[in-house]
Amino acid sequence: LEYILAHMAALHEGVAGRSHVFTVRLEELARDYDGTVRALLSFIGLRFGSDAHEALLQDLRAFDSSRWSAAKLAASAHVKPGRSLGIGEHEVLGALRADVAQSERLANLSL
């Protein structure tokens, strides 16, 4: 896990600021899912307001966990840290706490 997180941080730093890279901050996605997805769709060349743009946005709303029922959220492997890797939330958090500098660096990333 620590290797994966370090690799993700290095990749992010390596591509930051490049014109062909669209950065999505988790906070922005959580605060304004539709606006963030619209910006992403425009970045990849779909004309804002076009039928294709709006249809794809509508389809992608199914992945907005803030729109999910409590039951769907609880059952989701996607939103549970480490579940897909076979480790629990406490292990994920423990791995992050093990290296304070790494944790601080990861916490301040613009995702």
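Helices here are DSSP runs of at least four residues, numbered from the N terminus. With that in mind, welcome to this predicted model. Reading along the sequence gives the pattern α-α-α-α-α-α-α, and the secondary structure comes to 7 helices and 0 strands.

Let us turn to how the protein meets its surroundings. It has 111 residues, and 19% of them count as buried. The accessible surface comes to about 7800 Å², and carbon and sulfur atoms account for 59% of that area.

What about contacts along the chain? Take the contacts between residues at least 6 apart in sequence: 40% of them join residues that are at least 24 apart.

Now for a detail you can look up in the structure above. How many aromatic pairs does a search of the whole structure find? The search finds 1. The partners are F22 and F43, with ring centres 5.2 Å apart and planes at 40 degrees, so the pair is tilted. An angle under 30 degrees would count as stacked and one over 60 as edge-to-face.

Where do the two rings sit? F22 lies in the loop between α1 (2–15) and α2 (26–31), while F43 belongs to helix α3 (residues 33–43), so the pair ties together parts that are 21 residues apart in sequence.

How values were computed
Residues numbered from 1 in each chain as written. Predicted model: local features only at pLDDT ≥ 70, side-chain atom pairs only at ≥ 80, totals over all residues. Heavy atoms only, no water. Phe/Tyr/Trp six-rings, centres within 6.5 Å; stacked < 30°, edge-to-face > 60°. Helix = DSSP H or I, 4+ residues; strand = E, 2+ residues; numbered from the N terminus. Buried < 20%, exposed > 50% of the residue type's maximum accessible area, 1.4 Å probe, protein only. Contact = heavy atoms within 4.5 Å. Areas by Shrake-Rupley, 256 points an atom, 1.4 Å probe, with all protein chains shown as cover.
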